[in-house]
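This briefing goes through a structure in the order a reader might inspect it on screen, beginning with a sheet and ending with the surroundings of the ligands. Please keep the display open while reading.

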Amino acid sequence: MTKPKVLISDKMDPNAARIFEERGCEVDVITDHTPEQLAEIIGQYDGLAIRSSTTVTKEILDAATNLKVIGRAGIGVDNVDIPYASGKGVVVMNTPFGNSITTAEHAIAMIMALARQIPAANTRTQAGEWPKKDFMGIEVTGKTLGLIGAGNIGSIVASRAQGLKMKVIAYDPFLTEERAIELGIEKVDLDTLLGRADFVSLHTPLTDQTRNILSRERLENAKPGIRIVNCARGGLIDEAALKDCLESGQVAAAALDVFESEPATDNPLFGAPNFICTPHLGASTTEAQVNVALQVAEQISDYLVNGGVTNALNMPSLSAEEAPKLKPYMGLAEALGSLVGQLAHGNLEKVSIEREGAAAELNGKPITGAVLAGFMRRYSDTVNMVNAPYLAKERGLEVSEVRQSREGAFNTLIRVTVQTAEGPRSVAGTLFGNDAPRLVEIFGIGIEAELSGHMLYVVNDDKPGFIGRIGTLLGSHDINIGTFNLGRREAGGEAVLLLSLDQKIPDDVIAQATEIEGVKLVKALEF
Ligand SMILES: NC(=O)C1=CN([C@@H]2O[C@H](COP(=O)(O)OP(=O)(O)OC[C@H]3O[C@@H](n4cnc5c(N)ncnc54)[C@H](O)[C@@H]3O)[C@@H](O)[C@H]2O)C=CC1
Ligand SMILES: O=C(O)CCC(=O)C(=O)O
């Protein structure tokens, strides 16, 4: 088996390359590249490991014809076009916890640096000025810290600030009252926070809702003399307004690690009074960089080698323990989705996926993804289980999932039903010996068949001599039959025949099969 190939395209702790190799991937480290150079080479790789310097644009994704997974050694994934990657079937992962402590510590360092004006005092002292009387600081003890965003990093900042005897309040619409109590923080609205806080620290992602969350109006109406820290994302603060507020003294001081445009080599805030900054160093500690490098390499190789999915932003998680157990189910699910997609006519708007018996106890999301991947192949041949749910949504397909823990005739079963103009049509399958997928029902008729390769599906009247006639027709065209599977509604009623063939059946042979007496439908299937 050829090894999956991974490119590390940003500076990363060398442990990442070691882990890739140990886990069975080939790895190249190429960190010095232009977007054009990256587009030229990306087609060779199955996996891409990045930090924040590589921007994964539509152009890169279009060139990435083999890419299956992008892993961000860090938290923010605003440098990846996730909707486009999802449409291309590429999993996007991050490492949501590896650098949180480090970044929270950076925010606390910024708070302390603002309170005691350490950077300016350092510069002037080293210049030989000894400017003792110019630097009167403030204590943080007893001051109010307002957190905008109290997720992983915000909550660590809260606990560290409480250790410094600060009172912590937070604005986060997704923070529950229970979690706020657990963190010992008071939940408030944004205007209240800005009216009460002595220090504000931002810890949200950059989204349509958070962009410019500290707007000119909010900065101007905040508590006079407020101090602001941003170690989250540039774009959360109106930088021009912040500069004006620093100059007027409305904002007493500000510390930014992140900027609207990075690298920030020429920013309007540079030189503003009481302004300090760092070049996006929030995650830059030895510990955090080892953590995120190890995690991203483990996650990417787990996906490429075993199919395990951890911390994906565009796909449900699948643990390394679950992945091998789910593998035969995914094969079955994809084949059933493909079968129903190939057989059902017309514009299909609803699909229902039922899991019965042992299948009901499994993680359903990947199974649904696999059914949809098989089903959506009727519309697109580049579909996989990552992009299938997105494509299904785009086409307005209504997807429902049903679990039935009770066993029926089979101890494990997946049934896929689509609503057609003629009513519901379903196919069902099971696993033989826990790992061999088998079709067991097709449109209400019991049958037992493996779904693979080239197949021929025939619906006919159950009459003597029919099987001989179809066999003779195929034989006369030198088409060898691998397996022969029969099912019927009742003796003499409607029957179905599913043949696996050693080669693709030509259209003219299908036309001749349709002419055989008693034949109602002939269809070539591909799996
Ligand atoms: N400076 C640096 O080097 C680093 C920056 N970061 C950035 O820090 C930020 C926070 O990261 P985490 O805490 O790990 O993320 P998280 O997802 O754990 O927390 C984000 C919090 O923001 C809240 N939120 C979302 N929309 C909001 C809104 N409209 N108003 C208020 N709160 C809102 C969420 O409910 C959540 O609790 C991210 O932008 C991340 O990219 C992370 C690591 C390093
Ligand atoms: O990789 C870095 O240095 C930046 C980290 C970061 O911003 C993040 O993880 O969101």
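**Sheet, helices and ligand shells**

In this predicted model, an open sheet is built from five strands in the order S2-S1-S3-S4-S5, and the pairing is parallel. Strand S2 (26–29) and strand S5 (91–94) are the edge strands, and since each has a single partner strand, one side of each is left without a neighbour in the sheet. On average, and with direction ignored, neighbouring strands of this sheet are turned by 20° against each other.

**Strand pairing**

- Strands of a sheet pair through backbone hydrogen bonds, and the pairing can be either parallel or antiparallel.
- Strand S1 (residues 5–8) pairs with S2 in the parallel sense, and four bridges connect S1 and S2.
- Within this pair, Val6 has Val27 in S2 as its bridge partner.

**Helices across the sheet**

- Helix H1 (residues 15–22) lies across S1, S2 and strand S3 (47–50), and its direction makes an angle of about 160° to S2.
- Helix H12 (residues 286–306) lies across S1, S3, strand S4 (69–72) and S5, and runs at about 165° to S4.

- The residues around ligand 2 are Arg51, Ser52, Gly74, Ile75, Gly76, Asn99, His280, Gly282, Ala283 and Ser284.
- By class, the shell around ligand 2 comprises two nonpolar, seven polar and one charged residues.

**Database annotation**

- An unreviewed UniProt entry lists residues 6–314 under "domain: D-isomer specific 2-hydroxyacid dehydrogenase catalytic".
- In the model, the span of residues 6–314 is 38% helix and 16% strand, and its end C-alpha atoms lie 20 Å apart.

How values were computed:
Residues are numbered from 1 along each chain as its sequence is written. Chains are lettered from A and ligands numbered from 1 in the order in which they are written. This is a predicted model: local features need pLDDT of at least 70, side-chain atom pairs count only at pLDDT 80 or more; totals for chains, interfaces and linings use all residues. Two strands pair if DSSP finds at least two bridges between them. Helices (H or I, at least four residues) and strands (E, at least two) are DSSP runs, numbered from the N terminus. Axes are lines fitted to C-alpha atoms, for helices over the stretch in contact, and angles run from 0 to 180 degrees between N-to-C directions. Two residues are in contact if their C-beta atoms, placed from the backbone, lie within 7 Å. UniProt positions are given in the numbering used here, feature names are shortened, and annotations may be inferred rather than shown by experiment. A residue is near a molecule or strand if its C-beta atom, placed from the backbone, lies within 6 Å of it. Ala, Val, Leu, Ile, Met, Phe, Trp, Tyr, Cys and Pro count as nonpolar, Asp, Glu, Lys and Arg as charged, and the others, Gly among them, as polar.
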